[in-house]
Each structure stands twice: as C-alpha cells, then as structure tokens.
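The structure comes first, then the account.

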Amino acid sequence: MDADAFVAKWYAEKEQLLAAAWAPGTESAARIAAMALSPAQAQQLREVLDVFATDAMYTLLLGLDGSAALGGDQRHYTVLDEDGSVIAEEGDLEAAAYAWFHEGRSSR
C-alpha cells in the first residue's frame with residue numbers, strides 16, 4: 001500500500017460515515033429526523049457535515065504526515081502496513097490527502 005491508497009481508504013471511510021448519518025435505524029438518522037428539517041435544510045446539514053468530516057480527516061492525515069499539529073504537537077509519524085513496510089515518506093500523505101479531499105480525486 002502506498003500513500004495514495006492509504007488516503008483513498010480514509011476518503012472512503014468519510015463517505016461511509018456521511019451516508020450512515022442518514023441510514024434508517026441509526027441514532028444519527030433519528031436525531032436528524034427529530035429536527036424536522038425542510039429538504040433544503042437537510043441538504044445544508046449534509047453539506048456542513050461533509051465539510052466538517054473533510055476538515056477533520058484531512059487534518060488528521062496532515063498530522064500523521066507532520067504537516068499539521070495533532071493535539072498541539074507537530075511531528076512526522078511513520079505509518080507502516082501490517083508487514084512493517086513504510087506506507088508514506090514525509091510529504092506523501094499531505095499530497096495524497098489534498099488530491100482526495102480537495103481536488104476530488106475518485107480513482108488512481
């Protein structure tokens with residue numbers, strides 16, 4: 001796995017989390033329904049949650065890469081796969097995260 005494939009999994013997770021917010025039978029869907037939002041308001045909520053999730057995951061990835069602080073501490077972390085191989089060199093996660101989360105990359 002390389003940095004792009006690693007970030008692609010984070011991006012897919014973000015999309016799944018957003019979809020799950022409206023999944024019938026979930027706590028989040030029940031709370032959203034209880035708000036009795038108009039269709040326009042529901043769309044605005046989706047957009048706000050998308051921006052929030054994008055910012056959160058992008059920041060976490062940049063934090064791992066050393067390009068942003070995590071909890072006030074900025075350093076590069078080495079991300080290894082299960083075989084102990086390095087997934088990304090410093091700067092690789094930042095570049096891949098920008099492509100996926102801000103340029104709309106959807107495939108390699």
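Which residues in α1 meet which residues in α3? From α1 come Phe 6, Val 7, Trp 10, Glu 13, Lys 14, Glu 15, Leu 17 and Leu 18. They meet Leu 49, Asp 50, Ala 53, Thr 54, Met 57, Leu 60, Leu 61 and Leu 64 in α3. The model is a predicted one.

**Helix α1**

Helix α1 covers residues 3-20. Asp 2 caps the N-terminal end of α1. The cap places a side-chain oxygen of Asp 2 at 3.3 Å from the backbone nitrogen of Asp 4.

Seven names make up the buried set of α1: Ala 3, Asp 4, Phe 6, Val 7, Ala 8, Lys 14 and Leu 18. Against which helices do the buried residues of α1 pack? They pack against α3 (39-65) and α4 (92-102).

**Helix α3**

Helix α3 has 27 residues. From first C-alpha to last it reaches 39 Å, close to the 39 Å expected at 1.5 Å a residue. Its buried residues are Ala 42, Leu 45, Ala 53, Thr 54, Met 57, Tyr 58, Leu 61, Leu 62, Gly 63 and Asp 65. These pack against α1, α2 (27-34) and α4.

Just after α3, Gly 66 takes a positive phi of about 95 degrees. In the loop between α2 and α3 sits Ala 36. Phi of Ala 36 is near 50 degrees, a positive value in a residue other than glycine. With a relative accessible area of 61%, Ala 36 is exposed, because the cut-off for exposed is over 50%.

**How the helices cross**

Two packed helices are described by the angle between their axes and the distance between the axes. The pairs are listed here.

| Helix pair | Axes come within | Crossing angle |
|---|---|---|
| α1 and α3 | 10 Å | roughly 155 degrees |
| α3 and α4 | 8 Å | roughly 165 degrees |
| α1 and α4 | 9 Å | roughly 40 degrees |

Take α1 and α3, whose axes cross at roughly 155 degrees. That makes α1 roughly antiparallel to α3, because angles over 145 degrees count as such. The crossing of this pair is right-handed.

Next, the axes of α3 and α4 cross at roughly 165 degrees. The two helices are therefore roughly antiparallel to each other. α3 passes α4 in a right-handed crossing. On the α3 side, the contact is made by Thr 54, Met 57, Tyr 58, Leu 61, Leu 62, Leu 64 and Asp 65. On the α4 side, Asp 92, Leu 93, Glu 94, Ala 97, Tyr 98, Phe 101 and His 102 take part.

Last, the axes of α1 and α4 cross at roughly 40 degrees. That makes α1 oblique to α4. This crossing, too, is right-handed. Ala 3, Asp 4, Phe 6, Val 7, Ala 8, Trp 10, Tyr 11 and Lys 14 of α1 make the contact. Their partners in α4 are Asp 92, Leu 93, Ala 96, Ala 97, Trp 100 and Phe 101.

Is Lys 14 buried or exposed? At 3% relative accessibility, Lys 14 counts as buried, because the cut-off is under 20%. Lys 14 has its place in helix α1. Leaving aside neighbours within four places in sequence, Lys 14 is in contact with Asp 50, Ala 53, Thr 54, Met 57 and Phe 101.

Thr 54 belongs to helix α3. At 9% relative accessibility, Thr 54 counts as buried. Its side chain reaches the backbone oxygen of Asp 50 at 2.9 Å. With neighbours within four places in sequence left aside, Thr 54 is in contact with Lys 14, Phe 101 and His 102.

**Gln 41**

Gln 41 lies in helix α3. It is partly exposed, with a relative accessible area of 39%. The C-alpha atoms of Gln 41 and Glu 90 are separated by 41 Å. Along the chain, Gln 41 and Glu 90 are 49 residues apart.

Definitions and conventions: Residues are numbered from 1 along each chain as its sequence is written. This is a predicted model: local features need pLDDT of at least 70, side-chain atom pairs count only at pLDDT 80 or more; totals for chains, interfaces and linings use all residues. Side-chain values use heavy atoms; hydrogens and water are left out. Helices (H or I, at least four residues) and strands (E, at least two) are DSSP runs, numbered from the N terminus. The expected span of a helix is 1.5 Å times one less than its number of residues. Buried means under 20% relative accessible area, exposed over 50%, partly exposed in between (1.4 Å probe, protein chains only). Contact means heavy atoms within 4.5 Å. A polar contact is a pair of N or O atoms within 3.5 Å; within protein, one must be able to donate a hydrogen and the other to accept it, and residues adjacent in sequence count only if both atoms are side-chain atoms. Axes are lines fitted to C-alpha atoms, for helices over the stretch in contact, and angles run from 0 to 180 degrees between N-to-C directions. Angles under 35 degrees count as roughly parallel, over 145 as roughly antiparallel, 65 to 115 as roughly perpendicular and the rest as oblique. A crossing is left-handed if the near helix is turned anticlockwise from the far one by less than a right angle, and right-handed if clockwise.
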